[in-house]
Structure formats: C-alpha cells, structure tokens
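The sequence and the model are shown first.

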Amino acid sequence: MTTDSRKTNALHDDITFNREKLEGVFSRCGDVHFQQWNYGDGFAFQAVSVYCSSLADYSSHLLQRALEKIPGYESEDWNSMTPEKLRRCLQVNNASLQPFSLLESFENVYESVMHGFIVILFDQVNQALGFPTESAARRQITEPVNEPAVHGPREGTTEDLSLNLTLLRSRIRNPAFKFEFLQSGAVTKSAICFGYLDEVVNPDVLAEFRRRVESITDYEVLETSYIDDWIQESTLSPFPQVRYTERTDTAAAAVLDGKIIVLVENSPMIMICPAFLVDFMGTAEDYYVRSIFSSFIRMLRLLAFIIALTLPSLYIALSTFHPELIPTVLLLAIVDSREGIPFPAFFEALVMEASFELLREAGIRLPRTVGSAVSIVGALVIGQAAIMAKIASPIMVIVVALTGIASFAIPHYDLAISLRLLRFPYMIAASLLGGYGLMVVFLLTLLHLTSLHSLGEPYLTSIAPFKPRDWRDLFVRVPLKVFLRSPRNRKLLRLGGRRPHP
Amino acid sequence: MSSDRSTINLRQLAGLLCCYVIGSAIVFIPNPLTAAAGNDAWISMTLAYGFGIIMLTCVLYLHNRHDGASVIAYSRKLIGRTATYPVGLLYILMLFFAACAVNASIGDFFTSVMMKRTPSYIFHTIGMLLSALTARSGIRVMARMFFLLLWLMLFFSLLVMILAIPIYQPAMLLPLFENGIKPMLHGLFISAGFPFGEIVIFAMLLPFVRLQAGQSISKALYASYSFSALMLIVPTICTIMAFGPAAGYFNYSLYRLSIEIHIVELFQRMEAIIGIALILGSYMKATLLLFIIYQCLIQLFNLKDDHVLMYPLSVTCIFLSATMFQSPADFQEQVYTIWPFTVIVVGGGLILLFTLITWIKHRRYLQAERGDTS
C-alpha cells in the first residue's frame, strides 16, 4: 500500500465527509445505525456514533460512563469541550484510554463496526474512538452431544472462539502452551487459532503444519474441517487423518501428548493433528474409569472394528466358497435358513447393507419428530418383512445388524464412516474370490495404512513402525500408576521445572 | 521423522530376514524334506542351518569390509565392471526363478486344496500385483508392514502347532538314520538351498539399514536367522511326530496338521488359519524377492530409481509363474532339486569367491601397511 492510498483511506477532519463515506459503505446494511449527537458550549460541535445493532449492545451504560472519563482527565466536562481539547485529550491519554481503541483509518472503522464496536467520530478530529460492546447471542456451554461420558468433566466447546480458548487455557495454565492466530479469507476474515505445548510438540511436525496451514489463509474458512481437507496428505483415503473433539479435556490431553489443536471461529470442533489410527480407538473416559474395565472396553472396540469391517464379507466368503470351514451343525442351520431365497449371499448382503445405510442416512436427516417413524419402518421392512418375503435369510439380518451395532461401538464417527465405505469392497472381493479375496483386500488396506502419513508421521505409528512402549496405552490401558510414569510424562515434569522421581 | 524414506533400522532388517527365511517355507518345507530324509529331516535342517550360518558370516564379512555397499557395488570393485554384468544377470535370473516359484506355489496351493475350480493364473496375477504395489511403496513401508504380518503369521502357525499337541506321538521321531546317512544328506541338500542358502540373495537388502550408535548388525542378524531356523525346525518335528512315516506323502504338512485338530467342539476346522499364514508368508517373500530384482536391475544398469520398472517386472513374473511349471511334479523337481543346486553352487559359490578375494586383498593391504610402517 502506498502512502497516498493510505492517506485517502485515513479519517478526515470533516465529520460530514467521514459520515457520508461510511454511510456509502454501510448503505443497505439495515443493522448498521448512525446516531448524531452534539456537545460543547451551546452544543456547537457534532459527534456521530456508528454501530451494528446485531452485534453491539447499545443499551449498555458502559459507553456513557466511559465517555465521561475522557474529559475527566483534563478536569473538563462535555459542556466546555472543544475539538481542540478533545484532540489533546486523545493524544495525551492514548495509552490510558482502555478499553477504547483509537481508530485512524476507514478500514479500521469498518472492521471495528463489524466486530461489534461502537465507533464515535468527532467533528474536526481525524481519529475515531472504538468501544467494544460485542454481545452476540451465543450457545451456552453444554455437555457435548457427540461425546457423552459417564465420568469426567461435562463441558463442551461452543461456537465462541474466545470462550473455547478460555476453557482450554484454564486447563493448561502454562506459558509453554502457545496459541497462534491466523486470519483467513478476504471477506469473512475468520480467525484460525492453533495451539500446542512448546518443547513437547515435535518441531518437524509443527513446521510442517505451519507450512501447510499458511497456504489456506487466502481462502474463506467456515469450519474446522476445511483445514483438515486442506492439510491432509491423502485426500482420497477413506481414513480420517485428523481427529475432532468437542471436549476440552480430550483436547488438553492431546496437547500434553504433543499434538497440535486447531480451532476456528464459529465452530465448536477442535481439530487434533496429527492423528493416528490407534487414536481413534480411545476416548477421554478411558482414563477416568478403572484400568481393567477400560482395557476390556478397548478390546471390545478392537472386536467392533474387526466385525464392522469384515463380518458381512466373512459370511459371504464362508457360505459361498468355504462351507467346509463352518462346523457341520452351524452349516446345516445356515443352509436351512437360506432355503428358498432366490439371491446369492453376496446380493442378499448387498441389498441388506444398502437398505441399512439408507435407513441410517434417512434417520440422520429427518426432523426428530418423524425420526422414530423411520426406525419402525426400517425394523419392519428390513427385519420382519424381508425374511417373510424370502428376500433375506434371518442369519443375514443378524449379520447386518451386528455389523451396524459394531460400527456404532466405535467411538469416533469419522473412523466408523471409513469402515462403512470399506465394507463394500470387502464384500465384493469375498464374493469373487472368497477367503483369498478377503485376504488380498486386507493386505491392500494394510498397505495403504502403512504408506499413509499424517503431517509426515506414519499413520500406523506404534503398530507399524512397531513401538512396544506405546502398547501400554493401545489395546489395553495399564494402570495410571504405571502410565503416568512413562517417558512422556517425565518430559512434562521437566517442562514444569520439576525433577522426575526415579 | 526422517526425510530419507529409503532406509530402515536394524530391528526392521532383522524382521525382514525372518520374513524372508520363514516366508512360505514354514508351510512348504516339512513335506519334501521328510519325503527325502524321513525321520532325519530335522537333523538335515539343523546342518543346513549351519551351512546358512557360514553363508551369513560371509555376507556380513563382505558387508562390513565394503562399508555397507551392495553386492553389485562390491562385485564391481572385486571382479571388475565387465565381469559384473554376467554375474548380475545370473543373480537376476535366479531371483526371477525364486520370485515366480514362490508366487506359483501359492496358486498351486489354492487350486489343489481350497478352491479347486478357480484357474491358477488368477492367484498368480493377483498375488504378483499385490507384491508389485507393496514393493513400489519402498523398503520402509515394507519393513513396517512385514514386521506386523510376521507376528501374525507366526501366531497362526504356532497356534496350530500348539493345538495339535494331542495328536503328537514323540515315539515317531525314532528310529534315526534308518536307511543310513544318505537320506539325511539329501535332506541337507534340499534345505541348504531352500530356504537357508537363500540368505546370499538377501545380502542385497543389507545396504538399506541405518545403524544407530552401539548397534551390531551381526548380532541382530545371527539372532533373527537362528530364530527363523528354529521356526522351521519346530514344524518339521511337529509333522514327523504327528504323521510319522506318512509325513512325506502329505503335501502342505502344516495344512494337513490343522485339519487333524479337533479339540471339543470349539477348535476344529483350523485350515483357514494355515491358509492365511501361507498367503502372508508367500506374499512377503515374493515382495522381497521382487524388490531385490528391481534393486539388482537398477544398480546393475545404473538406472534411475523411480519405480517405473516395477510393473514390467511384475508382469514378467506373472507370465513366468504361469508358464514355468508344467505340473506339480515339475514344480517339485525344479524347486527341490534344481533350485537348491543353483543356490548352493551359483549363489553360495559367488559369495565365497567374493569373500575369498576380499580376504586376500585385505591381507595384502595389511601386509603392505605393515611393510610401510616397519
């Protein structure tokens, strides 16, 4: 920007000129109001306040009280105030004018008004006062709907960035916990904030993250997931490469783990990166319940993972290609239940899975009041009626239902989605080549997972590359007594200035 | 995070060695060995392991003496550039045979045991494509992935061997040397070639390792090689104990063993597990061999390492595995008679030759140095 253009952008001495220019910019913005008032001896001088009524709280008396302070420094009052005196007041008391800010250019004025400031322009003064009164209505802090917990804290994030930061900061009150801000987009100018624990975060990962996220600042970011899509390594991979949470305790634990968290204004989702496959197997609550129980739950989730991914395909492979592998009595039961069904197992499974997916999608999008109708219709159609009509066998219904339940038991929705997607190639492979096909798809999946990276770190970290030390918090959770003495926490102790006990 | 994605650490190298040696052999080797050596199979195997250790020692000596250069690189140094071409080509031809034999064996297994109506070229093609995709992802991805699969494979194989305990009859192990020493020597010949002698081919992978301070490559490789040998001797003993003199007639011994398992109503029909172990083993070995062919080719002809060659190579392997073996009997002859001979004479001979030249050169160098100082 050249000096000339800055000059034309600067506020003018003439209040009518300033007002006209502002009114031009804010024309047809029905919620921006201009209010004129006079001051000084015989109300000789003009002042104009501008504010956006949908963002600013104009009813507050704070403004009045604060305005009284300005002339107070010079033991004057508004009746004897002249622009000359006012200008001197502003110059002398520049620093002590908090919470006012002094605005010098039109740009500043637009931005302040749009951030809920009340801006006051004075006659013959080329500066304006901005007074923050933002009071946009926001959602209250509630329990996160998607991540409920029996034990542990219940507060969830809201759409208010500063409130979210307050919640996080109150959990980690340490100067090593950094928040860096970026502004994205030319129009929305929404704030992106990323936080990390200095010296605990891997500097290579942080540098890589910075490099990638800085390129998004030219574009409009409306939700945290925009950043996810922008920085991820493999866009076409079905697997989620970052993790989301609405729980501040999960986010704080991730920060202590050396992860980077990302928040975006107007979104309650906290993005945690880099995320590894094993991260999607845990929840915050795992650390709040007894270790033996949480180990059991972890095992259950592993089972759910395997079932959700392979059960329908396994059924297809066994029933069409390898009936000799099924124990005889069970085989007879299956043959019995499949009698009279016109479709091969693959087609049967495909129909049932597809209708299950349809039901699930319909259930999410429908208004809550009609939602229960879907489940009734679903239970009748894909359950009872399909069996009666000999379209599907009861065993198939059990298989599909079990698969559905297993995918609900996976704590992270993103991972459950990827399993839903992968189930179909698995089923196709099983129907073409049976167990061998299943094995081939499994190896392909594993190959993809091993080659996948999240912010430069291998996605299967602690499984492949194999890190036995991490296994204390993978499929079992060792007692906290052991877990908290791990090398990771020794690092934290050093950071906090304490010497770890041997 | 390391920017260099083409290196592996010592643990991963040791894991790869295990995958390479155990690979498909854990399912395949007990049968031809017991057919040749009868009850003495495990003795021939132990002796073959001794032969493998000698080869491994040579390979490690060459690796250390030449500062971690590859076989092609030190062959150039030792016998000259021109002579390296035929040697390298010989190596590559051997590798082609090995990769295709491993790949074909899995097709044979499936078409003869589990899926009799599926044509074998389907298994050849899919298996090879899978290997090509994996080999293309680079050695680090392979090392990570195989480390995981190795445990899976060993777990499944051990599970079957443990569950089969009720059918073992230790008395079957006797008598030893029933027909004199000759059958034992025949067994030694087979197993010294496949799988123990094949370590001379694995030497191509040694240059990829990056050691950390205080690590000894020899110790780790001897340990993992011995572990692999143990994992091959144990199933051989298991099959002899289970089937006795009949062990030589049952193809895919571990598979047969798993069929026999019947513990209450819970543990039965365990064949699928061995099928999985076999697929994993063959897949890993075929991938490693394909990767080694590729490395040999680009090093021998100084090509750019951009993985373009991987697909033509794998297509060649697909065609070879479909055409190389006329029948299972042909496969038996080629893999258990010709291949061990090639490995021992050509592979082992070359490595011994290199070792000898290096040793002599080193001695001369030392003598010259001593001469200088005195």
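This is a predicted model: local features need pLDDT of at least 70, side-chain atom pairs count only at pLDDT 80 or more; totals for chains, interfaces and linings use all residues.

B:Asp67 sits in the loop that runs between H4 and helix H5 (71-79) of chain B, and its phi is near 55 degrees, which is a positive value in a residue other than glycine.

A second residue of chain B, B:Asn302, also has a positive phi, of about 50 degrees, although it is not a glycine. B:Asn302 belongs to the loop between H13 and helix H14 (310-323) of chain B, and it is exposed because 7 other C-beta atoms are found within 10 Å.

Is B:Ile293 buried or exposed? With 27 other C-beta atoms within 10 Å, B:Ile293 is buried, the cut-off for that class being 20 or more. This residue is part of helix H13 of chain B.

Leaving aside residues up to four places away in sequence, the contacts of B:Ile293 are with B:Ile92, B:Leu95, B:Phe96, B:Ala99 and B:Leu313. Between B:Ile293 and B:Leu129 the separation is 164 residues in sequence and 15 Å in space, taken from C-alpha to C-alpha.

## Packing of helices H3 and H4 in chain B

Two packed helices are described by the angle between their axes and the distance between the axes. For helix H3 (residues 30-37) and helix H4 (residues 41-65) of chain B, the axes come within 8 Å and cross at roughly 110 degrees. H3(B) is therefore roughly perpendicular to H4(B), because angles of 65 to 115 degrees fall in that class.

The crossing in which H3(B) passes H4(B) is right-handed. From H3(B), the residues B:Leu33, B:Thr34 and B:Ala37 meet B:Ala41, B:Ser44 and B:Met45 of H4(B); sorted by class, this contact has 4 nonpolar and 2 polar residues, and no charged residues.

## The contact between chains A and B

The contact between the chains draws 23 residues from chain B and 23 residues from chain A. On the side of chain B that touches chain A, the elements giving two or more residues are helix H7 (120-136), helix H8 (139-163) and helix H13 (271-300) of chain B. Of these, H13(B) gives the most, with 6 residues, and by class this side of chain B has 15 nonpolar, 4 polar and 4 charged residues.

Chain A has a cis peptide bond joining A:Cys273 and A:Pro274, with omega about -5 degrees; A:Pro274 lies in the loop between strand E10 (270-273) and helix H10 (291-320) of chain A. The peptide bond from A:Ala464 to A:Pro465 is also cis, with omega near 5 degrees, and A:Pro465 is located in the loop between strand E12 (457-458) and helix H16 (480-483) of chain A.

The mean pLDDT of chain A is 85, and 91% of the residues score at least 70. Within chain A, confidence is lowest in helix H1 (residues 3-9), at a mean of 55, and highest in strand E9 (residues 260-264), at 94. Over residues 1-6 of chain A the pLDDT is below 50, and this stretch has 1 contact in the model beyond near neighbours in sequence.

Note on methods
Residues are numbered from 1 along each chain as its sequence is written. Chains are lettered from A and ligands numbered from 1 in the order in which they are written. Two residues are in contact if their C-beta atoms, placed from the backbone, lie within 7 Å. Helices (H or I, at least four residues) and strands (E, at least two) are DSSP runs, numbered from the N terminus. Ala, Val, Leu, Ile, Met, Phe, Trp, Tyr, Cys and Pro count as nonpolar, Asp, Glu, Lys and Arg as charged, and the others, Gly among them, as polar. A residue is buried if 20 or more other C-beta atoms lie within 10 Å of its own, exposed if 12 or fewer, and partly exposed in between; C-beta atoms are placed from the backbone. Axes are lines fitted to C-alpha atoms, for helices over the stretch in contact, and angles run from 0 to 180 degrees between N-to-C directions. Angles under 35 degrees count as roughly parallel, over 145 as roughly antiparallel, 65 to 115 as roughly perpendicular and the rest as oblique. A crossing is left-handed if the near helix is turned anticlockwise from the far one by less than a right angle, and right-handed if clockwise. pLDDT is the predictor's confidence in each residue, from 0 to 100.
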